[in-house]
Amino acid sequence: MSNAEHLANIMVERFINAVNNGVDLVPVVADSTSTAKIAPFIKAFPERLVNVGIAEQTLVGSAAGLALGGKVAVTCNAAPFLISRANEQVKVDICYNNTNVKLFGLNSGASYGPLASSHHSIDDISVMRGFGNIQIFAPSSPLECRQIIDYAIGHIGPVYIRLDGKELPEIHDERYRFVPGKIDVLKKGEKVALVAMGSTVHEIVTAAALLEERSINVTVINVPSIRPCDTTALFNELKDSQYVITVEEHNVNGGLGSLVAEVIAEHGVAIRLIRLGIADGEYALGAERKAMRKYHGIDAESIVNRVSAFS
């Protein structure tokens, strides 16, 4: 297991690796060189970066143009501004036209903490799920992040990758292999299944360890691939549970909780589902992550309390 790593640093590392291996990759930023931690790439390839300034709509349009010109275009800026300010361009220039652009939503969820709602991205998965043909991924660990980015760079077509803004520790060993659509069962248990994506996977892993100390054995599922998603495999892992709890740093509507609700409903089974996230009609608390997650009940301790109530 490696130490914690910042996913933006991994992103830049994989960009450099791709260009060194002959990929005609061009990053596009919106005056977001610091956010993207792109300095090592600029040093290695000073003529490859396109900076459009604080103009997210131009960012996406430029990336689409580069892709239509044969480049592998990657956009690197904060998720809230990518999703909100360039929504129409993502829909029309990237998705409708099926252009070969990889959109990186940096500092997703409530990574910006005290900067509050203007800087939080708690609706990005729901927006992207509405855009039909774009693949959607949310890595939970450094190894998974590397593999997702390498896959995305080689895939022909639109991709959105939700990257957390904090360092994440490793939860996978060297045998792990990311496969688009495949769910990642980290632990098999009984009665209760915990399901998460991205950085909140660490909350359910921690919660499961705490519950095990109380002789409560739960299933732990990481869903790094939102689209495509092997919903049959996901259902097969959930069908024997009495309770399923989804955990996400995202609004409970349209994200992972909604995906799991759809899977359960479409199979017509009686499983109690609890969606933990930013509640309907609310915004994420403007606070440091630990306090914010506790307030919204998506930290490990809150999850343990929820599960203990069932036992």
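How does the radius of gyration of the protein agree with that of a compact globule of 311 residues? The model is predicted, and the legends below start with the whole chain before turning to close-up views.

**Figure 1. The whole protein.** A compact globule with 311 residues would have a radius of gyration near 19 Å, and the protein has 19 Å, so the two agree. The C-alpha trace spans about 60 × 35 × 35 Å along its principal axes. The protein contains 13 helices and 14 strands, and 57% of its 311 residues count as buried. Of the contacts between residues at least 6 apart in sequence, 78% join residues at least 24 apart.

**Figure 2. Helix α12 and its cover.** Helix α12 comprises residues 289-296, and R289, M292, R293 and H296 are buried in this helix. Seen down the axis of α12, the buried residues fall within an arc of 95°, so they line one face of the helix. The cover over these residues includes α9 (201-212), β13 (243-251) and β14 (272-278). K290 and Y295 are exposed, on the face of α12 turned away from the buried side. After α12 comes G297, with a positive phi near 75°.

**Figure 3. Q89 in helix α6.** Q89 belongs to helix α6, which covers residues 87-96. The relative accessibility of Q89 is 17%; buried means under 20%, so Q89 counts as buried. When neighbours within four places in sequence are left aside, Q89 is in contact with Q57, V60 and I94.

Figure 4. Most peptide bonds are trans. The bond from R227 to P228 is cis, with omega near 0°. P228 is found in the loop between β12 (225-227) and α10 (231-238).

Figure 5. Most residues other than glycine have a negative phi. N98 is not a glycine, yet its phi is positive, about 50°. This residue lies in the loop between α6 and β5 (101-106). N98 has a relative accessible area of 46% and is partly exposed. S215, which is not a glycine either, has a positive phi of about 65°. The loop that holds S215 runs between α9 and β11 (219-222). With a relative accessible area of 70%, S215 is exposed.

Notes: Residues numbered from 1 in each chain as written. Predicted model: local features only at pLDDT ≥ 70, side-chain atom pairs only at ≥ 80, totals over all residues. Heavy atoms only, no water. Helix = DSSP H or I, 4+ residues; strand = E, 2+ residues; numbered from the N terminus. Rg over C-alpha atoms; globule rule 2.2 N^0.38 Å. Buried < 20%, exposed > 50% of the residue type's maximum accessible area, 1.4 Å probe, protein only. Contact = heavy atoms within 4.5 Å. Arc of directions from axis to C-beta.
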